[in-house]
Amino acid sequence: MNKASKAIVTVLLLAVFGTAAYFSVYQTGRQSADGSRGVLGGLAGKLTGAVQVQELSGLIALDVESYFQDPRVQKALLENGFKLNVKRIGSREMAARVIPGQTPDFFYASGVVAANQIGDAAKKANLASAVYSPIYTPMVIASWAPIAQILAANGMAKEASPGVWHVDLAKLIQTMQDKKRWKDLKGAQAYDVSKSVLVSTTDVRKSNSAAMYLALTTYAANGGEIVTDRDTAQKMAKAVVGLFKRQGYQENYVNGNFDDYVSIGIGKTPMAFIYENQIVSYALAKKGLSPGMVLLYPQPTLFNKVQFVALSERSKKLGELLSTHRDLQRLAVDFGFRIAESAYFVQATKAANLAVEERMTQVIDPPSFEIMGDMIEVIAREMAQ
């Protein structure tokens, strides 16, 4: 065989083996060992250095919708083998979506109460679940400097450190239940209006943040004790229902309540009950708060844990990733959330010229989801009358 013939044979052999290798890699990449479809896996992943990408479906709360839309988050997830198809629904609606054969891989719910409802529904449907708490945020009151000063003059608030205000929850609630108006309070010259002293919330019948407010107000009305039984739940809900009814129209989502605070101001919203992450993310974007804005921390308050409920083996790995991956955790701080690395959160807020409560000690837990459900039903019934 001459040199030309040998060269032709070599090229043909290379082409044959190359084609075989291509189809081997392609098929391996199309189908992983556990049956999930991915970008690359097995031999393909070894040859290219790429990771197998699994597509997961999930239902998420409004709180984390912007987080998952962030290209940096999507890139980090893809690099770690996940592509997510998510849809936002209300956290209260999630438990009803636990249907055998139709349940998504995971839920990302706002609050322990909603997560417990999902877990209970999964148990009844004979589905295994696992819960992770990657991020959290305390419940706070967004207010204004004149309001903070009036509250301080009446023994309801104090500036614990520069820019960080504490509010005596029991005293504030008593003032509201006494139907005091701002003009009735000592030192009210800066806000001498006949408007009732009230904290603006979302609709407790639909919103998690308002449910957290209900948990706090009933705690105070119950003498500083968490409501634990149904008889007390009925009594305490009736005791605080006026704090919701007297507000008038209430937004369904906490973003609407915060938007009113930011855009309309002290006239409509002297005090707004919100998630801390809302005002932190606002300050991070604006490099500080707008003039006159003040952050008040109720004493005590609640942590709203954004809980990841995994209902498949694949999504358990995602729950662990969201809870431990350094970049994914730190990216959550850009949206105002607190993470396990508390020093990083504090550093980020200081860079935005925002003072926050660095170490929170006066924190309570909400009642069980059964008790919360009973109290919300009472409020809903009373508000309909």
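A polar contact is a pair of N or O atoms within 3.5 Å; within protein, one atom must be able to donate a hydrogen and the other to accept it, and residues adjacent in sequence count only if both atoms are side-chain atoms. The model is predicted: local features need pLDDT of at least 70, side-chain atom pairs count only at pLDDT 80 or more, and totals for chains, interfaces and linings use all residues. Residues are numbered from 1 along each chain as its sequence is written, and side-chain values use heavy atoms, with hydrogens and water left out.

**View 1. Tyr275 in strand E7.**
Tyr275 lies in strand E7, residues 272-275. Strands (E, at least two residues) and helices (H or I, at least four) are DSSP runs, numbered from the N terminus. The side chains of Tyr275 and Ser110 are joined by a polar contact of 3.3 Å. Another polar contact, of 2.9 Å, links the side chains of Tyr275 and Asn208. Tyr275 counts as buried because its relative accessibility is 4%. Buried means under 20% relative accessible area, exposed over 50%, and partly exposed in between (1.4 Å probe, protein chains only). The C-alpha atoms of Tyr275 and Val140 are separated by 6.0 Å, though the two residues are 135 apart along the chain.

**View 2. Thr137 in strand E4.**
Thr137 is found in E4, residues 130-144. With 0% relative accessibility, Thr137 counts as buried. The Thr137 side chain reaches the backbone nitrogen of Asn277 at 2.9 Å. A polar atom of that side chain also lies 3.4 Å from the backbone nitrogen of Glu276. Not counting residues up to four places away in sequence, Thr137 touches Tyr275, Glu276, Asn277, Leu302, Phe303, Asn304 and Phe337. Contact means heavy atoms within 4.5 Å.

**View 3. Phe345 in helix H14.**
Phe345 has its place in H14, residues 342-351. Phe345 counts as buried, at 2% relative accessibility. Leaving aside neighbours within four places in sequence, Phe345 is in contact with Glu276, Val280, Val333, Gly336, Phe337, Arg338 and Val356. Val280 is 65 residues from Phe345 along the chain, and their C-alpha atoms are separated by 9.9 Å.

**View 4. Helix H4 and its two sides.**
Val73, Ala76 and Leu77 are buried in H4, residues 71-79. They cover an arc of only 100° around the axis, which puts them on the same side of H4. The arc is taken from the directions from the helix axis to the C-beta atoms. Pro71 and Lys75 are exposed, on the face of H4 turned away from its buried side. The cover over the buried residues of H4 includes helix H3 (65-69), strand E2 (82-88), helix H12 (313-324) and helix H13 (326-333). At the N-terminal end, Asp70 caps H4, with a side-chain oxygen 2.7 Å from the backbone nitrogen of Arg72. Gly81 follows H4 and has a positive phi, near 95°.

**View 5. Helices H12 and H13.**
H12 and H13 pack at an angle of about 65°, and their axes are 5 Å apart. Axes are lines fitted to C-alpha atoms, for helices over the stretch in contact; angles run from 0 to 180 degrees between N-to-C directions. From H12, Leu321, Leu322, Ser323 and Thr324 meet Arg326, Leu328 and Gln329 of H13. The residues of this contact divide into 3 nonpolar, 3 polar and 1 charged. Ala, Val, Leu, Ile, Met, Phe, Trp, Tyr, Cys and Pro count as nonpolar, Asp, Glu, Lys and Arg as charged, and the others, Gly among them, as polar.

**View 6. Strand E1 and its partners.**
E1 spans residues 54-60; 5 of its 7 residues are buried, so the strand is largely enclosed by the rest of the structure. E1 and E2 pair in the parallel sense over 7 bridges. Two strands pair if DSSP finds at least two bridges between them. Glu55 has Lys83 in E2 as its bridge partner. E1 also runs parallel to strand E3 (residues 106-110), joined by 3 bridges. Here Ile60 stands opposite Tyr108 in E3.

**View 7. Ser312 in a loop.**
Ser312 is found between strand E9 (301-310) and H12. Ser312 counts as buried, at 17% relative accessibility. Its side chain makes a polar contact of 3.1 Å with the side chain of Asp105.
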